[in-house]
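Please read the numbered points alongside the model.

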Amino acid sequence: MNTQLTDLMNRATENLEPVTADLLERSVTQGLRQRRRRTALLTASGAGAVLATAGLIGGGIQLLSSPADTGVAAPLTKPSVNPSTKTPPASVTPKETLATLRSLLAARGLKLSKYETWGGGDFAGAAYVVDDGKGAARVDVMVSGGGEGNPCVPVRSGCTTLADGSVLYASPVSPEYSDGRQAQYGVVSRFVTLYRADGRNINLTSYNGPAEKGQRHTRPNPILSAAELSDLAKSKSWKLPPVNTVKPSGKFKTK
């Protein structure tokens, strides 16, 4: 029995891919994208849940109302306002993030064309297809109020601590596909994350093609270098969301 169990375990593990630096980097990059998309889905589903709840409450009021109550207006009461209550800081909008990205890219002499926006509230994202005369490529940004793990905990290659206490992580170039489609499309990317001391962060990604996936690359390397992306991330022009009250996990999760 023990011999059979040992043999089965050996067969199950003999073809596993070893954990290499490249494999780890692909996992981290994929984790960033999944986190961004998952956040967008949660935002959308949360809004739907609120609407559904409002509909149920409204329906319940209609069902509980008696015919005799029809036409009788309930007295309106004004909500009490506390003059000392501070107005919470305004959330950044995707439109504002797009405008900042546009100004920073245009200042580098890049020609801008197709754009995209997403998010709102705790995070906002924007992207442009840009061209320097050597091939169109995508550049995108996501600003977040926090809640994500620090990419430099634990410290690893590519991490730099800045004077203000924030940390900057710059990734190496990595492929977008882990299967045969990489040979077909050839898209690669690099990204930087500026993680501020209060947990808010700015994430910028540069590609060597006009799309993250589904379109062929136009140039051998991403249009912006790690140094150029880092300069963009450090810009004081970015407007960030309010600090998220959700405490970060302390570790940069890849799933």
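1. Arg108 counts as partly exposed, at 35% relative accessibility; here buried means under 20% relative accessible area, exposed over 50%, and partly exposed in between, with a 1.4 Å probe and protein chains only. Arg108 forms a salt bridge with Asp231, and the closest N and O atoms are 4.0 Å apart. A salt bridge is taken as a side-chain nitrogen of Lys or Arg within 4 Å of a carboxyl oxygen of Asp or Glu. Arg108 belongs to the loop between α3 (94-106) and β1 (111-119), whereas Asp231 lies in helix α5 (residues 226-234), so the pair ties together parts that are 123 residues apart in sequence. Asp231 is also partly exposed, with a relative accessible area of 45%.

2. On the basis of the coordinates: this is a predicted model, in which local features need pLDDT of at least 70 and side-chain atom pairs count only at pLDDT 80 or more, while totals for chains, interfaces and linings use all residues. Residues are numbered from 1 along each chain as its sequence is written, and side-chain values use heavy atoms, with hydrogens and water left out. Helices (H or I, at least four residues) and strands (E, at least two) are DSSP runs, numbered from the N terminus.

3. How many salt bridges does the structure hold? The number is seven. One of them joins Arg219 to Asp132, with the closest N and O atoms 2.9 Å apart. Because Arg219 lies in the loop between β8 (201-207) and α5, and Asp132 in the loop between β2 and β3, this pair ties together parts that are 87 residues apart in sequence. Arg219 counts as buried at 11% relative accessibility, whereas Asp132 is partly exposed at 35%.

4. Arg138 forms a salt bridge with Glu116, the separation of the closest N and O atoms being 3.0 Å. The two residues link distant parts of the chain, with Arg138 in strand β3 (residues 136-144) and Glu116 in strand β1, 22 residues apart. Arg138 is buried, with a relative accessible area of 11%; Glu116, at 36%, is partly exposed.

5. Asp131 is found in strand β2 (residues 123-131) and counts as partly exposed at 26% relative accessibility. Its side chain reaches two backbone nitrogens, that of Lys134 at 3.5 Å and that of Gly135 at 3.3 Å. These are polar contacts, meaning pairs of N or O atoms within 3.5 Å; within protein, one must be able to donate a hydrogen and the other to accept it, and residues adjacent in sequence count only if both atoms are side-chain atoms.

6. Which residues does Asp131 contact, leaving aside its neighbours within four places in sequence? They are Leu110, Lys111, Ala136 and Ile223, where contact means heavy atoms within 4.5 Å. Lys111 is 20 residues from Asp131 in sequence, yet the two are 5.1 Å apart in space, C-alpha to C-alpha.

7. The count of disulfides comes to one, a disulfide being a pair of cysteine sulfur atoms within 2.5 Å. Cys152 and Cys159 form this link, with their sulfur atoms 2.1 Å apart. The angle about the S-S bond is -100 degrees, and the link of Cys152 and Cys159 is left-handed. Cys152 counts as buried, at 6% relative accessibility. In general, a disulfide is a covalent bond between the sulfur atoms of two cysteines.
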